[in-house]
Amino acid sequence: MTDVPTFQSGGESKCRSIKTMEVALTAPAWSLGTLAPSFRPGPDVDDVALAVGGDADAFERLYRRHVSKVNALARWLVAPADVEDAVQEVFIRVWEKLGTFAGQSAFGTWLHRVAVNVMLRRRQNLGRDRARVIDDEFALDAVAARPQQPELRMAIERAVDGLPPGAREIFVLHDMEGYKHDEIAELLGVDPGTSRSQLHRARMLLRKVLAS
Amino acid sequence: MHEEWTDLMSAAIDGELDPVTIRRLDSHLAGCAECAGVMADLQRLVATAPSYQGEAPAADLWPGIKGRIDATKVLSFGRRSPAGFGFRELLAAGIVMAAAGAVGSWYWAHREPTPVTVADRSAPGAGLELTSTAYDSALAELGRTLTARRGQLDTATVRVLERSIRTIDQAVAEARAAIQRDTANAYLNGQIAANLRQKLNLLKAATRAINSAT
């Protein structure tokens with residue numbers, strides 16, 4: 001048994017009122033316990049201060065706390081062969097830019113912004129930018145065939161792997177990283193309307209997979 | 001499932017629908033169990049997605065990162081100037097050069113006087129005076145820059161700057177003292193003038209680096 005519900009389309013958790021939905025979105029009880037470490041202030045504050053002063057051990061602790069999410073971002077935003085290099089470059093860039101981190105957001109939030117910028121720039125340098133948004137191949141069938149994960153979060157992560165690249169990167173940037181459509185449009189060089197339609201497409205594809 | 005309604009669901013979840021459309025959608029969901037189920041699924045998806053955790057890379061990437069960080073440390077003690085040199089590096093180089101100049105001056109000041117040829121006396125210290133004036137000016141400018149921007153620099157950088165200025169100033173004072181002992185030595189004049197020109201360039205570069213770094 002798990003405290004994170006899986007999709008059961010048409011089941012008991014239907015929401016019939018948008019007002020009810022808004023309440024659910026504001027405080028979903030089943031998601032509060034799944035907040036990632038990067039969104040908690042915790043030890044990051046001390047380690048960032050030490051790392052700014054050149055303490056590589058402190059920076060290694062930051063790396064180990066955050067590398068999994070950065071690795072996931074790389075998996076979703078760059079080509080498979082480029083993932084490791086992209087993750088390394090992100091942390092090198094973060095090391096170089098730590099002095100500019102003003103602490104106005106959580107370190108994890110700032111780190112992810114740096115990561116997204118690094119990864120998208122790498123992709124542009126490799127000339128694979130806009131084609132990914134326009135030329136999507138439906139790739140979720142293979143994911144749908146896999147056994148469903150016990151936790152919704154893990155199931156979502158796996159299903160995102162199988163999204164068509166264009167829909168995937170917009171879902172990752174909007175729903176996982178909190179970017180606005182205008183920001184995504186600027187980052188990817190697409191129209192905000194394209195970002196909205198690709199996001200809805202991604203959500204519907206994921207819902208289909210997760211409900212199966 | 002009705003596509004005309006499901007197409008509105010993402011916008012509804014993201015708060016991008018106008019009130020009239022929201023009411024219409026709400027009304028439809030109240031009477032359509034299938035669409036209400038889709039909406040609930042999308043809600044849960046959107047609420048859960050930010051909590052992704054990912055997986056660590058198959059291989060430990062830290063050793064490679066550490067190696068590149070260490071390489072960066074060797075090359076840079078601080079922020080880097082547009083030219084690629086950190087100003088602490090520039091000033092550290094200034095210290096080295098000033099120290100070298102001081103040793104040279106000490107050697108020339110304490111050596112046995114050398115017979116001076118007529119040719120050696122042809123341009124006694126003209127270039128040195130010119131360089132020395134420019135040097136004093138550049139040193140004063142660096143001092144003013146440091147005073148103005150002290151609050152924007154970290155304390156380690158300020159310490160390096162102050163130590164460098166003191167060291168360079170001392171080296172030049174010793175060089176001037178040496179030249180007074182042997183004013184007719186054109187070779188010594190030429191060496192000190194060249195040394196001052198080098199320090200002058202370093203001071204200008206350091207001032208530029210401070211300005212660009214702050």
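Reader: Let us start with A:I156. Which residues does A:I156 touch?

Author: Not counting residues up to four places away in sequence, A:I156 touches A:L206, A:L210, B:L45, B:T48, B:A49 and B:Y52. Two residues are in contact if their C-beta atoms, placed from the backbone, lie within 7 Å.

Reader: Before going on, what kind of model is this, and how are the labels assigned?

Author: This is a predicted model, in which local features need pLDDT of at least 70 and side-chain atom pairs count only at pLDDT 80 or more, while totals for chains, interfaces and linings use all residues. Residues are numbered from 1 along each chain as its sequence is written, and chains are lettered from A and ligands numbered from 1 in the order in which they are written.

Reader: Back to A:I156, then. Which residues have the most contacts inside the largest nonpolar core?

Author: They are A:L73 and A:I156, and that core has 70 residues. Helix 4 of chain A, residues 56–77, gives the most to this core, with ten residues. A nonpolar core is a set of buried Ala, Val, Leu, Ile, Met, Phe, Trp, Tyr and Cys residues joined through C-beta atoms within 7 Å. A residue is buried if 20 or more other C-beta atoms lie within 10 Å of its own, exposed if 12 or fewer, and partly exposed in between, with C-beta atoms placed from the backbone. In soluble globular proteins, nonpolar side chains tend to be buried together.

Reader: What does the secondary structure of chain A come to?

Author: Chain A has twelve helices and zero strands. Helices (H or I, at least four residues) and strands (E, at least two) are DSSP runs, numbered from the N terminus. Of the 212 residues of chain A, 39% count as buried.

Reader: And what about chain B?

Author: Chain B comes to nine helices and zero strands. Buried residues make up 32% of its 214 residues. Among contacts in chain B with a separation of 6 or more, 79% are between residues 24 or more positions apart; the corresponding share in chain A is 68%.

Reader: Why is helix 4 of chain B described as largely enclosed?

Author: Of its 16 residues, 14 are buried, so helix 4 of chain B is largely enclosed by the rest of the structure.

Reader: Let us turn to A:L73 again. Which residues of helix 10 of chain A does its helix meet?

Author: A:L73, A:W76 and A:L77 in helix 4 of chain A meet A:R168, A:E169 and A:V172 in helix 10 of chain A. The contact divides into four nonpolar, no polar and two charged residues. The axes of these helices come within 9 Å and cross at roughly 150°, and the helices are therefore roughly antiparallel to each other.

Reader: How does helix 10 pack against helix 12 of chain A, at what angle?

Author: Helix 10 (residues 165–176) and helix 12 (residues 192–211) of chain A pack at about 95°, with their axes 8 Å apart. They are therefore roughly perpendicular to each other.

Reader: Now a loop residue. Where is A:Y179, and is it buried or exposed?

Author: A:Y179 is in the loop between helix 10 and helix 11 (181–188) of chain A. It counts as buried, because 21 C-beta neighbours lie inside 10 Å. Leaving aside neighbours within four places in sequence, A:Y179 is in contact with A:L173, A:H174 and A:I184.

Reader: And where does A:F101 lie?

Author: A:F101 lies in the loop between helix 5 (83–97) and helix 6 (107–125) of chain A. A:F101 is partly exposed, with 16 other C-beta atoms within 10 Å.

Note on methods:
Axes are lines fitted to C-alpha atoms, for helices over the stretch in contact, and angles run from 0 to 180 degrees between N-to-C directions. Angles under 35 degrees count as roughly parallel, over 145 as roughly antiparallel, 65 to 115 as roughly perpendicular and the rest as oblique. Ala, Val, Leu, Ile, Met, Phe, Trp, Tyr, Cys and Pro count as nonpolar, Asp, Glu, Lys and Arg as charged, and the others, Gly among them, as polar.
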